[in-house]
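Hello,

I am passing on a structure for you to look through, and below it I have written out what was found. Please keep the two side by side as you read.

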Amino acid sequence: MPHSVAVINGPNLNMLGLRQPKIYGAATLADVEALCRREGEALGMMVECFQSNHEGALVERIQACRGTARGIVINPGAYTHTSIAIVDALMAAEVPAIEVHISNIHRRETFRHHSYVAAAAAGSIIGLGIEGYALALRALAGILRDQGT
Ligand code: CA2
């Protein structure tokens, strides 16, 4: 299998498990990344994890997926609700992307209800906790299988 799948986490997700456990649960980012690697292994996909608090760094990581990654699982954090740059990068990457949110953004403040990123995603998994990353990887595996890639 020549190419891996990128799991990309945006701002403040490095704080998982350290604060706000009622909203985001007790798992840390390291736990999330371990879960993704485990799920990837079960699906026969190599997973490469990346987290940044910087929009430009996220854009560059997404750009780097073009021609090198089979797909992307992304939780853009608060950039979900603001970043057209991330949308443009995902579209330019030309690989399937699945958007993940740990919390149910539709049950929270109204400013979290709209996702720009959804327009660039094959699908979105919202509000199912960190298990959403595993579900996203499974969905991606299905898309790649259907594409024959
Ligand atoms: O539910 C999600 O996964 C979010 O993408 C998480 C973002 C939030 O801005 C989105 O609206 C929904 C925030 C991640 C911040 O995570 C923290 C974890 C612990 C302590 C503080 C922040």
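The largest pocket holds about 390 Å³ of space, and please bear in mind throughout that this is a predicted model. Its lining is made up of 19 residues, of which Pro11, Asn12, Leu13, Tyr24 and Arg112 lie nearest the centre of the pocket.

The salt bridges come next, and the count comes to six. One of them joins Glu39 to Arg138, with the closest N and O atoms 3.0 Å apart. Because Glu39 sits in helix α2 (residues 29-43) and Arg138 in helix α5 (residues 131-147), this pair ties together parts that are 99 residues apart in sequence. Glu39 has 16% relative accessibility and therefore counts as buried, the cut-off being under 20%, whereas Arg138, at 40%, counts as partly exposed.

Another salt bridge brings together the side chains of Arg66 and Glu94, at 2.9 Å from N to O. Arg66 belongs to the loop between α3 and β3, and Glu94 to the loop between α4 (84-93) and β4 (97-101), so the pair connects parts 28 residues apart in sequence. Glu94 counts as exposed, at 62% relative accessibility.

Lastly, Gly67 is found in the loop between α3 (55-63) and β3 (69-75), and Gly67 is exposed, with a relative accessible area of 59%. Although Gly67 and His3 are 64 residues apart along the chain, their C-alpha atoms are separated by 8.7 Å.

Best wishes

Definitions and conventions
Residues numbered from 1 in each chain as written. Predicted model: local features only at pLDDT ≥ 70, side-chain atom pairs only at ≥ 80, totals over all residues. Heavy atoms only, no water. 1 Å grid on protein atoms, 1.4 Å probe; cavity = no way out; pocket = protein on both sides within 12 Å on 5 of 7 lines; lining within 4 Å. Points joined across faces, edges and corners; volume = space filled by probe spheres on them. Helix = DSSP H or I, 4+ residues; strand = E, 2+ residues; numbered from the N terminus. Buried < 20%, exposed > 50% of the residue type's maximum accessible area, 1.4 Å probe, protein only. Salt bridge = Lys/Arg side-chain N within 4 Å of Asp/Glu carboxyl O.
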